[in-house]
Amino acid sequence: MSWSGFPVDAEQVRVARALAQRIAAEVLRFISSHTTVSIERTVLRALGFDSVGARATPVANLVVDELLRRGLLGAGAASWLAQVMSRTDQTPREICARIAMSGLHAGLFSPVEQGGADKARDAVSELTARAALELGARAEQRDALKGELGVGPRPGVGPRPEVGPRPLKYVIVATGDIHDDVLQAVAAAQAGADIIAVIRSTAQSLLDYVPKGATREGFGGTYATQENFRIMREALDQESQRLGRYIGLTNYSSGLCMPEIALMGAIERLDYLLNDAMYGILFRDINMKRTFVDQYFSRRICALARIGIMTGEDNYLTTAPALTAFHTVVASQFINEAFARPAGLPPSLIGLGHAFQIDPAVDDSLLLELGQALLVRTLFPDSPIKYMPPTKHMPGDIFMGYLLDGMFNLVGVASGQSVQLLGMHTESIHNPFLMDRFLSLKNADYVFCAARSLGQEVRWAPDGKVVRRAREVLELAVALLEQVAQKGLMTAISEGLFADVKRSPDGGKGLGGVVARGEGYFNPLLDQLEGRGDPR
Amino acid sequence: MKKDGANIVKAYGDRLGDGAVQLSFTLPMACSARAREAAICYAQHMGLKNINVATAEPAGDSHTFLVLYGHSNLSIDVDLLEVPEVRATERSMHEVDDLIAREFDRPLVLVGACTGTDAHTVGIDAILNMKGYAGDYGLECYAGFEVYNMGGQVCVEEFVARARSVGADALLLSKVVTQRGVHKKDATSVVAAIQEAGLRERVVVILGGPRVDHKLALELGFDAGFGRGTRPSQVASFIVDELMRRRVDPAVASPTEE
């Protein structure tokens, strides 16, 4: 199905992409000369550093914090590991277990002679290469199950798949308790959901470590931990087999631990990760340098594990009005794309987000939403588009809210969105109840079926409101990109050009964890991810 | 419905006094005749009569979604209810600014935050940020206010320390996440910390959020509560009224002492 019938100025699109590439290039130079505590912890974790020590502090944090304190992190945590291996003749797992038991001691950080360490470095590289192969194998396992079962409704069940595209139905669970999440996710899958997202506890984005184990207490969501990922994926695998269709799983590679969570998602076969080049900066006040360096590494892992990323531009419309700020969404999508491509992600794995957030009191709001949705669909024809539901103007009147969600679903199916994050009519009241999700799925099923081919039947008036809205948004987006390219992205963010939020390059959380790569910086995982791995 | 001078109401469907209500819920059991009967029984125990199950359908394999109608015999005398309401005059931004200029010899200092794990600043931003909400300018726009918006995930100690260091006249706390009653726990701890710091009598303390109302805020020890749909000018007007009221009668400085 092609949406190419929708008129968009190809020259402007070309200009927008070129500007976005220019904007990203400057930041990429910074990225390639820096590392972060989270990246170095990821390197250790890939080699089996997954234990926790005293007070449940992950061993990866203990080690990396100490390296940072001693000014040794610029050489890479893998350099340290090679030295300890050459001195103790132990495997990384054994070293990790010993630190978990008895903590750090000064001897772990005394330098060794170069020759021994060189040999150990080769060993570390080889172990990392094996870990990367294992991640690839996990991805293949997932893709095989996906291929065998298929995604979306089975033939003969529900609307006929051969008639026009239909957005995948994405719902969230957020009980705070992973075991309750499983019950709700399974019920949602049975009621027709295609993708389950487990919302994280609100505090987690600012934690500079990843908690370990299954968790049963969270606020506004459930902690992202590797064990929670495993529990949910196992339940969804079983339910997928039973239903005969593959149910996808989403979590968040955002906040201060983007790379580590990407690794955990890759190990536990997640399908999607929310991952944005600027979200943490703008909405969680995480330092921009930290975020830029971390997002690159996490996206490299997603590329290896073929995890689809989803960007978070929809959030811009929660602070700024959609009517005047939608072009910031589009500009940011181009920038996110320009960061994702050099990280090895093909367009099919770059999911771009936007939202249905125009004030329903505005005349012809439905047409304006259509113009925006068709524009985004057309600008990124090979990328999945993630369409977020109305939340800002969701009333307490759930019946009115249900109607608003119906209109959102209508725009979603008529404009060929790929993933529809289903709206909840109880959005403004509570985290979704099981029945809210059920009703929301019914709403989407009805609208997706009833308006299945609407997008193919309609030709928009060349100077009508829909086309004019799209044209106006693209023009403003190009103008904004020009401004950003001129100033540089870091300055642009510090002047509040996105989401009306101002963040300075040296402000925010996590800057202390950004370190310049030293001479002889050793990161065998990055070598693997960037295709410099030594195939043994 | 007036009876013996009382003002009695019942839920209204299409005939005064019919007590008609609509109800929807889920039972954690597979959809079946037994589930339908269980729902009727459940609604009867809630005090409903003439129950009509409009739909009972499977929400997944082990849950049943229901919509029921019924009639309740309950009636309420609305005159006997205690309903605290925020006392504040409706004023525009300019009226508030004029009042501050006339009544105070300095701008009033406001500090706002979402404390604890709550990262949702949409509420505090709607009230404080220049842009405001629903066409009503935020308090940062007011000439009469000096505003410090600390944003989300602020710890209580920092909030109180800032209140002290800038000499706050009013504190605005926003709580959006309400899972497992966390908004009440957090709000209570803020009031306790303000009291401990000895600031409670000097400072007007306001709670806001989609699940907040004035009654709840008073119960938790705040001076006022503002819920969904509140415009910044309403908050502004309350702050000025409350500060003026305290100046006149310091004895009623804190509602906890009433």
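Hi everyone, let me start with a pair of helices: in chain A, α1(A) passes α13(A) in a right-handed crossing. Before I go on, please keep in mind that this is a predicted model.

So who makes that contact? From α1(A) we have A:Ala16, A:Arg17, A:Ala20, A:Gln21, A:Ile23 and A:Ala24, and α13(A) answers with A:Phe334, A:Ile335, A:Glu337, A:Ala338 and A:Phe339. Sorted by class, the contact of α1(A) with α13(A) has eight nonpolar residues, one polar and two charged.

Now the geometry. Helix α1 of chain A covers residues 10-31 and helix α13 of chain A covers residues 322-340; their axes come within 8 Å and cross at roughly 60°.

Let's move on to where the two chains meet. The contact draws 19 residues from chain B and 19 residues from chain A. On the side of chain B that touches chain A, the elements giving two or more residues are β3 (20-27) and α3 (122-128) of chain B. And the classes there? That side of chain B has seven nonpolar, eight polar and four charged residues.

Last stop, the domains of chain B. The domain assignment gives domain 1 as 2-79 and domain 2 as 93-257. Taken over C-alpha atoms, the centres of domain 1 of chain B and domain 2 of chain B are separated by 40 Å.

Conventions:
Residues are numbered from 1 along each chain as its sequence is written. Chains are lettered from A and ligands numbered from 1 in the order in which they are written. This is a predicted model: local features need pLDDT of at least 70, side-chain atom pairs count only at pLDDT 80 or more; totals for chains, interfaces and linings use all residues. Two residues are in contact if their C-beta atoms, placed from the backbone, lie within 7 Å. Helices (H or I, at least four residues) and strands (E, at least two) are DSSP runs, numbered from the N terminus. Ala, Val, Leu, Ile, Met, Phe, Trp, Tyr, Cys and Pro count as nonpolar, Asp, Glu, Lys and Arg as charged, and the others, Gly among them, as polar. Domain bounds come from an automatic or database domain assignment. Axes are lines fitted to C-alpha atoms, for helices over the stretch in contact, and angles run from 0 to 180 degrees between N-to-C directions. A crossing is left-handed if the near helix is turned anticlockwise from the far one by less than a right angle, and right-handed if clockwise.
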